[in-house]
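These are my notebook entries on one structure. I record what I looked up, entry by entry.

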Amino acid sequence: MENKFGFVSLSGRTNVGKSTLLNAFFQKKIAITSRKPQTTRNRILGILTEEKSQIVFLDTPGVHLGYKRQLNKVMNKIASHCYEEVDLVLFLIDRFKWQKEEENILKSLKNLNKPVVLVINKIDRLRDKTKLLAFIKDISEKFNFLSIVPISALKKR
Ligand SMILES: Nc1nc2c(ncn2[C@@H]2O[C@H](COP(=O)(O)OP(=O)(O)O)[C@@H](O)[C@H]2O)c(=O)[nH]1
Ligand SMILES: [Mg+2]
């Protein structure tokens, strides 16, 4: 395997499990949650270094500002600028919850022209796992996701 290096950005509204996923990647608690207001610069959430690869995890300023501010062209510009150095976006959702916020995030992601992996988190809490396939089929019609991956960040699965 060649040496690999890349920037991965984590997208998804509050509480979908972004921090939990990062903790799973890093296998231990690190200071990755910040209460500070988002700046216009990419914020490094953590750097995962393995023998032949290094991934820098970034959060995604501008995408989660809420509907009204997201409509603001200047903020959109700033947000897309921050995405320029991103190689891959992980877009997390909470099971089958697909609401206005998810639509708005997807709208922003569509403009970026970056590969997006849709991560369906919290599947440990799915009562009926047979619905997963139908959901994946529906959601894959919304956007050409690089892949759609059901996970449980909490259970590290
Ligand atoms: N059951 C379950 N709970 C999860 C999972 N991932 C995250 N959570 C919980 O969801 C809540 C929000 O998670 P957090 O990582 O802080 O979300 P963030 O706001 O996107 O960073 C916490 O109570 C987590 O323990 C999961 O895979 N399964
Ligand atoms: Mg968090």
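**Entry 1: the ligand shell**

I looked up which element gives the largest share of the shell around ligand 1, and found helix α1 (residues 18–26), with three residues. Helices here are DSSP runs of H or I with at least four residues, strands are runs of E with at least two, and both are numbered from the N terminus. I note that this is a predicted model, in which local features need pLDDT of at least 70, side-chain atom pairs count only at pLDDT 80 or more, and totals for chains, interfaces and linings use all residues. Residues are numbered from 1 along each chain as its sequence is written, chains are lettered from A and ligands numbered from 1 in the order in which they are written, and side-chain values use heavy atoms, with hydrogens and water left out.

I found 15 residues around ligand 1 (a heavy atom within 4 Å). The closest are Asn15, Lys18, Ser19, Thr20 and Asp124. By class, three residues of the shell are nonpolar, seven polar and five charged.

**Entry 2: polar contacts of the ligand**

I then looked up polar contacts, which are pairs of N or O atoms within 3.5 Å. A polar side-chain atom of aspartate 124 lies 2.7 Å from a nitrogen atom of ligand 1. An oxygen atom of the ligand is 3.0 Å from a polar backbone atom of alanine 153. For valine 16, I found a backbone N or O atom 3.4 Å from an oxygen atom of ligand 1. On its own, ligand 1 has 580 Å² of accessible area (Shrake-Rupley method, 1.4 Å probe), and the protein covers 74% of it.

**Entry 3: strand β3**

How many residues of strand β3 (residues 53–59) are buried? I found five of the seven, so the strand is largely enclosed by the rest of the structure. Buried means under 20% relative accessible area, exposed over 50%, and partly exposed in between (1.4 Å probe, protein chains only).

**Entry 4: a partly exposed residue**

I returned to phenylalanine 7 and found a relative accessible area of 21%, so this residue counts as partly exposed.

Notes. A polar contact is a pair of N or O atoms within 3.5 Å; within protein, one must be able to donate a hydrogen and the other to accept it, and residues adjacent in sequence count only if both atoms are side-chain atoms. Ala, Val, Leu, Ile, Met, Phe, Trp, Tyr, Cys and Pro count as nonpolar, Asp, Glu, Lys and Arg as charged, and the others, Gly among them, as polar.
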